[in-house]
Amino acid sequence: MKETKVTMDKIVNLCKTRGLIFPGSDIYGGMGNTWDYGPVGVELKNNIKRAWWKRFVQESPNTYGVDAAILMNPRVWDASGHTQNFSDPKMDCKACKQRFRADNLIEDHSKGKVSAEAMTTEEMETYINENKIKCPHCGNFNWTNVRQFKLMFETSRGTVDGEKDVVYLRPETAQGEYVNFLNVQRSMRAKVPFAIAQIGKAFRNEITPGNFIFRTIEFEQMELQNFCKEDTALDLYEGFKEKAKKFLLDLNFNPEHLRFHDHEKLAHYAKAACDIQFFSPLGWEELNGIHHRSTWDLSRHQEYSGKSMLYTDPVTNEKYLPNVIEYSIGADRLTLAVLTEAYDEEPLENGETRVVMHFHPALAPFKVAVLPLQKNLSEKAREVYALLSKEFMCDYDEAGSIGKRYRREDEIGTPFCVTIDFDTLEDNTVTIRDRDSMEQIRLPIDKLKDYVAEKIKFN
Ligand code: GAP
């Protein structure tokens, strides 16, 4: 197991200098809680989304993908309960005017020993006052009361001149799956149990800064809603806890860095809820959720839309509202978890240390880097690049010593470096170096594609 202590600063620094993730609107001094994926980061995140889709849609029978609109009829959010209840308990420091989540203050102060999850607003206030929890920013103890802040972003849509209707940026992708339940079921002739999956942007007016892409105001979710009969729902729920964990283990997560966390406080309609937490530089944090939501979502949409959401069993003709088992994971949060899991600092024989990202090869931003040993070998190197880039995302680098180029590729987790040397011109072979073992072997150019393709598979 690696010994390196991964800090958020190291990850943020590497991400900025190596083209993974930049602060949003950087030249304007940034904008709190927004981040831009750079040329390397966008590949990593796309590969994460692809791996999720492959596992949970492509390889999962009876699972159908959708891509629903971000702006939905505002009645959707009345039905889901978001317009009434979607808020966070927040308090302001009167001295420095910084705003904090009351539950986070309690959990940070108690080093995770006290959970504020089930506390009321009054209980949080009492705890903070009794324990004299100070402002983490300025050190004063001078708080406003705890107040509930709405998390949904509002925007407006002009209909008639001068008149405007409020619409919301969706705070979760799930509702796009619920409202399309019957569209998908009928058009795809789906039979319960079946699932609808979606990857897309969600927006929340979060105010907890300083934790990089862990919690942002704009993020992507990968969500999957399983529609099932009530008597199979609990088994499906338990099964999804395991499937969600297996997905992470197959992406090379250390099993000791993952744990289940059952929710203490359940929504009144929920029968069970569980997070998978990962061991991050911030401590144990939620990575994804699995929720047994009973018939709540479909029944609410039935009530608010006035349209029947009943499913008719094609064999028995029984009509019923299916239960929903939801599996939801943030693509950006998973990206952070993948980054912290992959990061390592390894001592080298020459006394130097290399930073290396041990990404699962299927997630690596570039699969191969093509490196001519000297600039006058670049024509042959370009030929190899052209061949490989038809199949994989490849990097090309001819500047600097070969050692420095290897270090750069290690830092962005490129699993294979192909070196072109003078022998290549003679016998059409290249050296291929493995990122993790740093071992090098010689291969004919025409064997490269198959060699790499075999090694980067995600099953
Ligand atoms: N539809 C259920 C739902 O949205 P959630 O627990 O609020 O449940 C699911 O969110 C997942 O989305 C979280 O486990 C996390 O991975 C991600 N997520 C939620 N809020 C986020 C934020 N502000 N920034 C980044 N990821 C977030």
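Predicted model: local features only at pLDDT ≥ 70, side-chain atom pairs only at ≥ 80, totals over all residues.
**Entry 1: aromatic pairs**

I began with the aromatic rings and found that the structure holds 19 aromatic pairs. I looked up the pair of Trp 52 and Tyr 327, whose ring centres are 6.1 Å apart and whose planes stand at 40 degrees, so I noted the pair as tilted. Since planes under 30 degrees apart count as stacked and those over 60 as edge-to-face, an angle in between leaves tilted as the remaining class.

I next turned to Phe 56 and Phe 247, an edge-to-face pair with 5.4 Å from centre to centre and 70 degrees between the planes. Phe 56 also lies in helix 2, while Phe 247 belongs to helix 9 (residues 230-250), so this pair ties together parts that are 191 residues apart in sequence. Phe 56 counts as buried at 3% relative accessibility, and Phe 247 is buried with a relative accessible area of 0%.

**Entry 2: charges over rings**

I looked for charged side-chain ends placed over rings, and noted that the charged end of Lys 241 sits over the ring of Phe 260, at 5.2 Å from the ring centre. I also noted Arg 433, whose charged end sits over the ring of Tyr 406, 4.3 Å from the centre of that ring.

**Entry 3: helix 12**

I compared the length of helix 12 (residues 378-389) with expectation: at 1.5 Å a residue its 12 residues should span 16 Å, and its end C-alpha atoms are 16 Å apart, which agrees.

Which residues of helix 12 are buried? I listed Lys 380, Ala 381, Val 384 and Leu 388 as buried. Looking down the axis of helix 12, I saw that its buried residues fall within an arc of 100 degrees, so they line one face of the helix. I recalled that an α-helix has 3.6 residues a turn, so residues three or four places apart point the same way.

Finally I looked up what covers the buried residues of helix 12, and the cover includes strand 19 (368-372), strand 20 (394-396), strand 21 (416-420), helix 14 (422-427) and helix 15 (448-455).

Key:
Residues numbered from 1 in each chain as written. Heavy atoms only, no water. Phe/Tyr/Trp six-rings, centres within 6.5 Å; stacked < 30°, edge-to-face > 60°. Helix = DSSP H or I, 4+ residues; strand = E, 2+ residues; numbered from the N terminus. Buried < 20%, exposed > 50% of the residue type's maximum accessible area, 1.4 Å probe, protein only. Lys NZ or Arg CZ within 6 Å of the ring centre and 35° of its normal. Expected span 1.5 Å × (residues − 1). Arc of directions from axis to C-beta. Contact = heavy atoms within 4.5 Å.
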